[in-house]
Amino acid sequence: MRHARFMLDGRIYQGIVSEDGVVHDSRGKRVDQAAMTWLPPVVPTKIIGLALNFADHAQELNKVDLPKEMNPTVPVLFFKPLTSLNGHLGSVVAPPKIDYMHYEAELAVVIGRQGRRIRAGDAYDYVRGYTIANDVTIRDFVQNMYRPPVKAKCWDSFTPLGPWMVDRDDIADPDNLDLRTYVNDELRQQGNTSNFIHDIPAIIEYISEFMTLEENDLLLTGTPEGLSHIYPGDLVRVEIDGIGALENPIIAEE
């Protein structure tokens, strides 16, 4: 089932999206999508991202700005603030005077219940579902492994999420999903979650060893190679098979 959140007439609603893309509110009433605003499908307590979780992406960046001694033998983590969340069709605001701002297509795992010290074999019992994330990044502010990418990734609007969340049991194999990113309908990025360095159970086991995971927490599982600069006026579409397509226009900060 596809679960959505949206705003209509100043109120926030939970809804269901049918296979043909029709949105219904919690009472089953059809919703006019032209009149509503898509919201992130869940409201998490925290957003935890993984850097360098695709081998091809790690190799891609190693040619640019990563020290040679950096080896992702354990998950490389960072946080994103809730103020960075953005919905489907929401505008990503590009700040002025930057050199390199790019998309990052990512499978987002939604935690379903609280857990601590979760074993990898039990990890999927703690997953509620999956959605699409675009971990927008300004690489100007990514300096080295000793400086977490806070300014690079935490601007308001820099975590588009959605359009909806798909239930866990509706995705047969989350470790074998195709991801694609289009900019103005041009394919720029393509990969498959089978190329994770750390799969979803390993990620959940690692994080929950020292941190309690709570209902609706988001785990952003990393991006494949294929980054490129995006500019105000561009339209970015991230697709993940079995989930859908997340679209966001890029606009300039006024």
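Visitor: Is Phe6 buried or exposed?
Guide: Phe6 is buried, with a relative accessible area of 0%. Buried means under 20% relative accessible area, exposed over 50%, and partly exposed in between (1.4 Å probe, protein chains only). This is a predicted model: local features need pLDDT of at least 70, side-chain atom pairs count only at pLDDT 80 or more, and totals for chains, interfaces and linings use all residues. Residues are numbered from 1 along each chain as its sequence is written, and side-chain values use heavy atoms, with hydrogens and water left out.

Visitor: How many aromatic pairs does a search of the whole structure find?
Guide: Six. Rings of Phe, Tyr and Trp (its six-membered ring) pair if their centres lie within 6.5 Å; planes under 30 degrees apart count as stacked, over 60 as edge-to-face and the rest as tilted.

Visitor: What does Phe6 pair with?
Guide: Tyr13, in a stacked pair. The centres are 5.6 Å apart, with 15° between the planes. Tyr13 is buried, at 18% relative accessibility.

Visitor: Why is the pair of Tyr206 and Phe210 edge-to-face?
Guide: Because their planes are at 80°, with ring centres 5.8 Å apart. Tyr206 is partly exposed at 26%. Phe210 is partly exposed too, with a relative accessible area of 44%.

Visitor: Switching to charges. Which ring does the charged end of Arg113 sit over?
Guide: The ring of Tyr126, 3.9 Å from its centre. To count, NZ of Lys or CZ of Arg must be within 6 Å of the ring centre and within 35 degrees of the ring normal. Lys151 lies over the face of Phe141, at 4.5 Å from the ring centre. Phe141 also forms one aromatic cluster with Trp155 and Phe158.

Visitor: Now helix H3. Which of its residues are buried?
Guide: In H3 (residues 200-208), they are Ile200, Pro201, Ile203, Ile204, Ile207 and Ser208. They cover an arc of only 160° around the axis, so they lie on the same side of H3. That arc is taken from the directions from the helix axis to the C-beta atoms. Helices (H or I, at least four residues) and strands (E, at least two) are DSSP runs, numbered from the N terminus.

Visitor: What covers them?
Guide: The cover includes strands E5 (47-51), E6 (76-80), E10 (105-111), E11 (127-134) and E16 (218-220).

Visitor: And Glu205, what does that touch?
Guide: Ile118, Arg119 and Ala120, not counting residues up to four places away in sequence. Contact means heavy atoms within 4.5 Å. Glu205 is in H3 and is partly exposed at 36%.
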